[in-house]
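Let's take a friendly walk through this structure, starting with some rings and ending with a pair of helices.

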Amino acid sequence: MPVEITWWGHATCTVADSDVRVLTDPLFARRLAHLRRRRGALPPPGAWRADVALVSHLHADHLHVPSLARLAPGTRLFVPRGARRAVPSLRRLSHLRIEEVAPGDETRVGDLLVRAVPAAHDGRRLPVGPHRSPALGYVVEGEARTYFAGDTGLFDTMAKEVGPVDVALLPVGGWGPYLGEGHLDAGRAAQALALLGAASAVPVHYGTYWPIGMDAVRPHEFHAPGHEFERLAAERAPEVAVHRLGHGESVRLGVAR
């Protein structure tokens, strides 16, 4: 059975594997604080349907409570350990089955095994918040081993903690003209790809949201990361098939083990 990946924009994807729908970092907003969605229609209601949703860390563009509120009653929601203490509004989501996880935790969802893995990123709820939660990635294993990186920088044990995987969903940009620590740009994402042993990759976390009033500030950082990742991945991991999707587009991947 092929695995199907759909990119809805930013870090939001649906991974359909073994008759289970996995939704990553759901964000269905036209505007979020100082950010607005500049490209791609808002995901349709069908995108809200999932058996399990994975939240990688507490930043508001990854843990967006109004978007999570749209998930159907009974949907399982995995969040970093400590999230309910750091984000009290999560307690309003009583219709969801919220489970806190930390690196190394493994959970069965139907025929899938979902494993939380480390990420090199600030896990606090910003701009303020004393309560820390780990930033996470996830490996979803069924017909394929699919890695959703969330937000992360490169880290020394990435290959050991994450790989090997079949499909890598890697952030290649951001929502503003400059990337801080704990992020992958197109070049670092290509380096990560070379470490992970993946057969396929989908670039995410670029070309969707941008600060209001800053359209003309370093616009290549909005438009170029997907193409740049394709180019650099061809140099550094030429055996990997890169699938650069448009918003709402899907790719079906057959996986040979």
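Both tryptophan 210 and phenylalanine 222 are buried, where buried means under 20% relative accessible area, exposed over 50% and partly exposed in between (1.4 Å probe, protein chains only). This is a predicted model, in which local features need pLDDT of at least 70 and side-chain atom pairs count only at pLDDT 80 or more, while totals for chains, interfaces and linings use all residues. Residues are numbered from 1 along each chain as its sequence is written, and side-chain values use heavy atoms, leaving out hydrogens and water.

Now look at phenylalanine 222 from another side: the charged end of arginine 38 sits over its ring, 4.5 Å from the centre. For this, NZ of Lys or CZ of Arg must be within 6 Å of the ring centre and within 35 degrees of the ring normal.

Next, turn to the helices, which are DSSP runs (H or I, at least four residues) numbered from the N terminus. Helix α4 (residues 186-196) packs against helix α6 (residues 225-236) at an angle of about 40 degrees, and their axes are 8 Å apart. Axes here are lines fitted to C-alpha atoms, for helices over the stretch in contact, with angles running from 0 to 180 degrees between N-to-C directions. The contact (heavy atoms within 4.5 Å) involves several residues, including Ala186, Gly187 and Leu193 of α4 and Pro225, Phe229 and Arg236 of α6.

Technical notes:
Helices (H or I, at least four residues) and strands (E, at least two) are DSSP runs, numbered from the N terminus.
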